[in-house]
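Please open the structure in your viewer and keep the selection panel at hand.

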Amino acid sequence: MHLSTHNWMRAEPLETTLKRIKKLGYESIEISGEPAQYKIKETRALLKEHGIRCWGAVTLMLGERNLAAKNQGQRERSVQYVKDVLTMVSELDGEIITLVPATVGKVVPDGTEAEEWGWVVDATRECFAHAKKVGVRIAIEPLNRFETYLFNRGAQALALADAVSPECGVCLDAYHIHMEEFNVYDAIRQVGKRLFDFHVADNNRFAAGLGQIDWPKIVGTLKEIGYDGALTNEFVAPVDRTPAAPYPEMVERNPVDISPEQLKFIQDHGSSLLTEKFYTDQMRITAETLLPLIK
């Protein structure tokens, strides 16, 4: 196992992110799934310069991106988006994409259970075929019920993976599974060797170590099943807008380099843009919590 991080949680130059995480002991990055933001040659050079490898990318299912959409054209455009993310990861020598099949924040179905299952299976199979072509693995990630209605537990993600291919895997997220699973440790064991990626934030979605999750037991269970991938940092700290705020300086008041879509995505996750100091502290706390457990 090694420590990795997403970078979609704060709008900043990639070089700033890489400098920070290298100092804190991170080995890789699961880069934001926005291929248009990254020039491959320049990004490869930055990764090499800072000694950080690309572990993969996460699909950012914003706006109309939805593999379970009723509209065929919408599904086709969503498939093309996922293919573009897969190609980007391949060109950055990454190993994996975390695939969230449906639009994040969409909680109303487009059809019956049988209809949507057919749509999402067919679309994911097409994405998987491209993944095989470019040499990147797909890990399907379930989210909590307030972010998607489609599926919320590891067993459901595994069912979709099974319908696609025995070589298709699952990504679990500590924050989501502590909301949705009957037993988080059994959920990890059930996915077993099909667990390709694991995202980390505490039960309150602050950095690992700032909530109630039993991280030694989580990491111990991952070791038990032989998991040897990344623990990818993905905190989305909720902003307190009251005088009770423990971190009054956490909100970035002068953001730069962020698209309206990305800003909405962050805000829809119950958060806001974070200051560099607060963001760095969350990165540090995650590293201090997890690195001693995985070494």
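In this predicted model, the count of disulfides is zero. C54 itself is buried, at a relative accessible area of 3%. Select C127 next. Its sulfur lies 9.6 Å from the closest cysteine sulfur, that of C168, which is likewise too far for a bond. C127 is also buried, with a relative accessibility of 0%.

Proceed to the interior. In soluble globular proteins, nonpolar side chains tend to be buried together. Here the largest nonpolar core comprises 91 residues, and the members touching the most others are I138, F198 and L231. Centre the view on F198. Beyond its neighbours within four places in sequence, F198 is in contact with residues including L172, I177, I188, L222, Y227 and L231; C171 is also among its contacts. C171 belongs to a second, separate core of six residues, which also includes W55, I96 and A139.

Finally, select helix α8, residues 215-224, together with helix α10, residues 276-294. How are these two helices arranged? Their axes are 10 Å apart and meet at an angle of about 40°, and α8 and α10 are therefore oblique to each other. The crossing of α8 and α10 is right-handed. Show side chains to inspect the contact: α8 contributes W215, P216, V219 and K223, while α10 contributes T289, L290, L293 and I294.

Definitions and conventions:
Residues are numbered from 1 along each chain as its sequence is written. This is a predicted model: local features need pLDDT of at least 70, side-chain atom pairs count only at pLDDT 80 or more; totals for chains, interfaces and linings use all residues. Side-chain values use heavy atoms; hydrogens and water are left out. A nonpolar core is a set of buried Ala, Val, Leu, Ile, Met, Phe, Trp, Tyr and Cys residues joined through side-chain atoms within 4.5 Å. Buried means under 20% relative accessible area, exposed over 50%, partly exposed in between (1.4 Å probe, protein chains only). Contact means heavy atoms within 4.5 Å. A disulfide is a pair of cysteine sulfur atoms within 2.5 Å. Axes are lines fitted to C-alpha atoms, for helices over the stretch in contact, and angles run from 0 to 180 degrees between N-to-C directions. Helices (H or I, at least four residues) and strands (E, at least two) are DSSP runs, numbered from the N terminus. Angles under 35 degrees count as roughly parallel, over 145 as roughly antiparallel, 65 to 115 as roughly perpendicular and the rest as oblique. A crossing is left-handed if the near helix is turned anticlockwise from the far one by less than a right angle, and right-handed if clockwise.
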